[in-house]
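I opened this structure to look up a few things and write them down. These are my notes, in the order I made them.

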Amino acid sequence: MPHPFDPGYAQPPFDSLCREYPGADIYPPEDFRVEWGPIFHRGRLDGSARVLVIGQDPGAHECIARRILVGEAGQRVQGFLARLGITTSYVMLNAFVYPVYGQSGGNRHIGDEAIAAYRNRWLDAVLVDSRVEAVVTFGQLADRAWRQWKQTPAGAASSIASQALRHPTYPESSSKGNRQKRAEAMRAMLAQWNDGLEQLAAAIQHPDEPRDLVPYGEALEPGDLAPIPEEDLPAGVPAWMRSVESWATRSGETTEAKRATVVVTVPKTLRPWTPIEP
Ligand code: URA
């Protein structure tokens, strides 16, 4: 069976964007995990995207897979796009190309001129003279990134529809382990996402697979997370890295060790070998 893969960044202007990525002089290492290298995007860079998703910053899964939004948040986003009939014609960017380190770094640096200038080059590259019909931002930092681009000449000239929605991991990040709070936050998020879906469906004229809009219920069902398509990841990336199982986690006895370590584990249900009985 042939294996589609993401061809990467060989075409202009993406080749220059990758060559000229910002380093630790622009993204301070006390606030960003620059040691994992920048992670740029996921999805179509060939001009076929109809929807642009803006997320926040890459996590542990993304640091290994080298594409953004592949972990839990990404699978929730993938399920969201599927409700709109968007199964391949999307492109995703994050507000930051490096993972934020610590609680407040994101807010502190979202408006940094050099960070915004580089991000705006990416937004120009995927939006100007493009076929994109709608933009969806997930989380406040993504929304701020979008509004910063709208203040640029290219952004001001653009009339692409946009929706600012809560981040897919808002229920977890806002509830700090409290199950009831998590359930309430999930309900609020999905209600907002349902409104967003209606607005976006009206703006998207060319879905990949036209379908009737089905709203979310009050909680995410297992089927609301979609695996990451093979064509979104670099050649040869194993299938379990695209699955809805978790496979990467930061681990270490000390802050220092944890920052330096990501443990990658092949999910139990996706091991191609016969398990050895203990
Ligand atoms: N991973 C990303 O790449 N972006 C997010 O916003 C969350 C997780």
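The entries below cover the ligand site, some backbone angles and a few single residues.

**Entry: ground rules**

I note that this is a predicted model, in which local features need pLDDT of at least 70 and side-chain atom pairs count only at pLDDT 80 or more, while totals for chains, interfaces and linings use all residues. Residues are numbered from 1 along each chain as its sequence is written, and side-chain values use heavy atoms, with hydrogens and water left out.

**Entry: the ligand**

Which residues are around the ligand? I listed Gly55, Gln56, Asp57, Pro58, Glu62, Ile68, Leu69, Ala73, Asn94 and His167. A residue is near a molecule if one of its heavy atoms lies within 4 Å of it. I sorted this shell into four nonpolar, four polar and two charged residues. For that sorting, Ala, Val, Leu, Ile, Met, Phe, Trp, Tyr, Cys and Pro count as nonpolar, Asp, Glu, Lys and Arg as charged, and the others, Gly among them, as polar.

Next I looked up distances to oxygen atoms of the ligand. A polar backbone atom of Gln56 is 2.8 Å from a ligand oxygen, and a polar backbone atom of Leu69 is 2.9 Å from a ligand oxygen. For His167 it is a polar side-chain atom that lies 2.8 Å from an oxygen of the ligand. The ligand exposes 230 Å² when taken alone, and the protein buries 92% of that. These areas come from the Shrake-Rupley method with a 1.4 Å probe; for residues, only the protein chains shown count as cover.

Where does the ligand sit? I found it in the largest pocket. A pocket is an open set of points on a 1 Å grid over the protein atoms alone, where a 1.4 Å probe fits, with protein on both sides within 12 Å along at least five of seven lines. A molecule sits in a pocket if more than half of its atoms lie within 2 Å of its grid points.

**Entry: backbone angles**

I kept the general rule in mind: most residues other than glycine have a negative phi, and most peptide bonds are trans.

Leu69 is in the loop between helix H2 (60-65) and helix H3 (72-83). Helices (H or I, at least four residues) and strands (E, at least two) are DSSP runs, numbered from the N terminus.

Asp129 also is not a glycine, and its phi is positive, about 55°. I found Asp129 in the loop between helix H5 (113-127) and strand S4 (134-138).

Are these two residues buried or exposed? Leu69 counts as buried because its relative accessibility is 7%, whereas Asp129 is exposed because its relative accessible area is 80%. Buried means under 20% relative accessible area, exposed over 50%, and partly exposed in between (1.4 Å probe, protein chains only).

Pro12 and Pro13 are joined by a cis peptide bond, with omega about 0°. Pro13 lies in the segment before helix H1 (14-19).

**Entry: Arg108 and Asp31**

Arg108 is in helix H4 (residues 105-109). Arg108 counts as partly exposed because its relative accessibility is 47%. Arg108 and Asp31 are 77 residues apart in sequence, and their C-alpha atoms are 9.0 Å apart. Their side chains are joined by a polar contact of 2.7 Å. A polar contact is a pair of N or O atoms within 3.5 Å; within protein, one must be able to donate a hydrogen and the other to accept it, and residues adjacent in sequence count only if both atoms are side-chain atoms.

Leu81 lies in helix H3 and counts as buried, at 0% relative accessibility. Leu81 and Leu200 are 119 residues apart in sequence and 9.9 Å apart, C-alpha to C-alpha.

Met186 is in helix H9 (residues 179-203). Met186 counts as buried, at 3% relative accessibility.

Technical notes
On a 1 Å grid over the protein atoms alone, a cavity is a set of points where a 1.4 Å probe fits but cannot get out, and a pocket is an open set with protein on both sides within 12 Å along at least five of seven lines; lining residues have an atom within 4 Å of a point.
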